[in-house]
Amino acid sequence: MCSVHDTVEFEKRGIPATVVLTRAFRNACEVQFRSKGMEGHPYIELPHPVSQLSAEQMRQLTLGYVDEVVRQLTAA
């Protein structure tokens, strides 16, 4: 889960970061955050799977998460 590692490294430098993943990777993400001392760090969870979606379907899906991404990156 390189995304979790990158998020932790950004956060250590004071740069807000989050992870976008599908539901299938939730447990792995939580374990990684916990093992890196950041238990409870927020992340964005998309439904699984997304690989069969067309580009337009993926666009529509991800537009529904924009506000949450902004909230996580701007929360103090």
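**View 1. Thr22 in strand β1.** Let's start with Thr22, which sits in strand β1, spanning residues 20–22; here strands (E, at least two residues) and helices (H or I, at least four) are DSSP runs, numbered from the N terminus. This is a predicted model, in which local features need pLDDT of at least 70 and side-chain atom pairs count only at pLDDT 80 or more, while totals for chains, interfaces and linings use all residues. Residues are numbered from 1 along each chain as its sequence is written, and side-chain values use heavy atoms, with hydrogens and water left out. Thr22 counts as buried because its relative accessibility is 9% (buried is under 20% relative accessible area, exposed over 50%, partly exposed in between, with a 1.4 Å probe and protein chains only). Setting aside neighbours within four places in sequence, Thr22 is in contact (heavy atoms within 4.5 Å) with Glu45, Leu46, Pro47, His48 and Val50.

**View 2. The buried face of helix α1.** In helix α1, residues 2–12, the buried residues are Val4, Thr7 and Val8. Viewed down the axis of α1, its buried residues fall within an arc of 100°, so they line one face of the helix; the arc is that of the directions from the helix axis to the C-beta atoms. The buried residues of α1 pack against α2 (26–35). Just after α1 comes Gly14, with a positive phi of about 80°.

**View 3. The largest nonpolar core and Phe33.** Seven residues form the largest nonpolar core: Val4, Val8, Val19, Leu21, Cys29, Phe33 and Tyr43. Such a core is a set of buried Ala, Val, Leu, Ile, Met, Phe, Trp, Tyr and Cys residues joined through side-chain atoms within 4.5 Å. Helices α1 and α2 each supply at least two residues of this core. In soluble globular proteins, nonpolar side chains tend to be buried together. Beyond its neighbours within four places in sequence, Phe33 is in contact with residues including Val4, Val8, Val19 and Tyr43, as well as Met38 and Pro42.

**View 4. Two cysteines, Cys2 and Cys29.** The count of disulfides comes to zero, a disulfide being a pair of cysteine sulfur atoms within 2.5 Å. Cys2 is in no disulfide, and its nearest cysteine sulfur, that of Cys29, is 13 Å away. Cys2 counts as exposed because its relative accessibility is 59%. Cys29, in turn, is in no disulfide, and Cys29 is buried, with a relative accessible area of 0%.
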